[in-house]
Amino acid sequence: LHGYFCQFSLVSQEVPHLLPLGAAPGPELGKACPGLSSAPDGLAPSLPAVKVTLDADTAHPQLVLSQDNSRVRWETEWQQVPDTPERFDNQWCVLGHEKFREGRHFWEVDVEGERGKYSMWAVGVARASVKRKGYFKRCTEEGVWAVQYDEGQLTSLTFPRTHLSLSPVPTRIWVCLDCTQPQVSFLNADNGVEIFTFTAASFNGESIRPWFWLRTQGIQLYLRDSTPQTLSPALGGSSPVLGHKPCWHPQVSACL
């Protein structure tokens, strides 16, 4: 790797409550997502994290994966890889192997290392049919639900985009996929505070896959199969963000 690196992994660092840029904090905005007792219907008492691995056949030629498909980094040189229909050839994306059509699932993404002002990365989910060839907008209209870090600013890839004001940016994020609602939520994995939730997501009956994007040399995304740490006792209450519904909480053994 080149000097410092940033690292995404399936496993956080405490961040303040997030607000849309310029918004005044309301009484409910930015609270942690509800615990199991107030979660949507039928959430099990314990929900294990999903092990996510990267699909090398989908990786843009400038993305280099580790042998076990748990790490990916961006390089200036294009790799000698087959130009298959599954591979992204314009956007610096890679998908996870896993495909989800029903139920609730979550995985953890770590962002480790020293991030510069011009670092660029994004994490979320995408429809299995997301465009692979040529340019496409990274947004919900193109079948991508994600948050993106770009030049020190975290943004939800809504259309138009929603800027989220926070400092520092979380270094560990839970990606929470609910195929039954349907919705996608992003939480600070350290304290359970909701970052952003996409509700009424247009999955269109398709399989949904983990999605990653990066465009900065020295950044490494690392997906680690691990048990989440115990949350700090900040849970409880509701968490509407920007008019979105409260997210379900990926409850683990020691969460409140």
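Predicted model: local features only at pLDDT ≥ 70, side-chain atom pairs only at ≥ 80, totals over all residues.
Me: How many helices and strands does the chain have?

Reply: Helices (H or I, at least four residues) and strands (E, at least two) are DSSP runs, numbered from the N terminus. Here the chain has 14 strands and zero helices, and along the sequence the pattern reads β-β-β-β-β-β-β-β-β-β-β-β-β-β.

Me: And what share of the residues counts as buried?

Reply: Buried means under 20% relative accessible area, exposed over 50%, and partly exposed in between, with a 1.4 Å probe and protein chains only. Of the 256 residues of the chain, 55% are buried by that rule. The accessible surface, from the Shrake-Rupley method with a 1.4 Å probe, comes to about 10800 Å², and carbon and sulfur atoms account for 50% of that surface.

Me: Which residues have the most contacts inside the largest nonpolar core?

Reply: In soluble globular proteins, nonpolar side chains tend to be buried together. A nonpolar core is a set of buried Ala, Val, Leu, Ile, Met, Phe, Trp, Tyr and Cys residues joined through side-chain atoms within 4.5 Å. The largest one here has 40 residues, and those with the most contacts inside it are Trp121, Leu154, Val184 and Phe212. Apart from that core lies another, of 13 residues, with Phe88, Leu95, Val144 and Leu157 among them.

Me: Let me look at one of those residues. What is valine 184 in contact with?

Reply: Contact means heavy atoms within 4.5 Å. Setting aside neighbours within four places in sequence, valine 184 touches Val125, Trp145, Val175, Cys176, Leu177, Phe196, Thr197, Phe198 and Phe203.

Me: Now for strand pairing. Which strands pair with strand 7?

Reply: Two strands pair if DSSP finds at least two bridges between them. Strand 6 (residues 120-127) pairs with strand 7 in the antiparallel sense over seven bridges. Strand 8 (residues 153-156) also runs antiparallel to strand 7, joined by four bridges. Valine 147 lets you see both pairings: this residue of strand 7 stands opposite valine 123, and its bridge partner in strand 8 is serine 156. Strands 7 and 8 form a hairpin with two residues between them, and glutamate 151 in the turn has a positive phi of about 55°.

Me: Why is strand 7 largely enclosed by the rest of the structure?

Reply: Six of the seven residues of strand 7 (residues 144-150) are buried, so the strand is largely enclosed.

Me: What about the loops? Is threonine 158 buried or exposed?

Reply: Threonine 158 sits in the loop between strand 8 and strand 9 (162-165). Its relative accessible area is 14%, so threonine 158 counts as buried. Beyond its neighbours within four places in sequence, threonine 158 is in contact with Cys139, Thr140, Phe196 and Phe198. Proline 168 is partly exposed, at 39% relative accessibility.

Me: Last topic: how many salt bridges are there?

Reply: A salt bridge is a side-chain nitrogen of Lys or Arg within 4 Å of a carboxyl oxygen of Asp or Glu. The count comes to seven by this rule. In one of them, the side chains of aspartate 55 and arginine 209 meet at 2.8 Å, N to O. This pair links distant parts of the chain, with aspartate 55 in the loop between strand 1 (19-20) and strand 2 (63-65) and arginine 209 in strand 13 (residues 208-214), 154 residues apart. Both aspartate 55 and arginine 209 are buried.

Me: How does the bridge between lysine 133 and aspartate 83 read?

Reply: Their side chains meet at 2.7 Å, N to O. Lysine 133 is partly exposed at 29% relative accessibility, whereas aspartate 83 is exposed at 62%.

Me: And which residues are linked in a network of salt bridges?

Reply: The network links Glu108, Asp110 and Arg172. Within it, the closest N and O atoms of arginine 172 and glutamate 108 are 2.7 Å apart. Arginine 172 is buried at 13% relative accessibility, and glutamate 108 is buried at 2%.

Technical notes:
Residues numbered from 1 in each chain as written. Heavy atoms only, no water.
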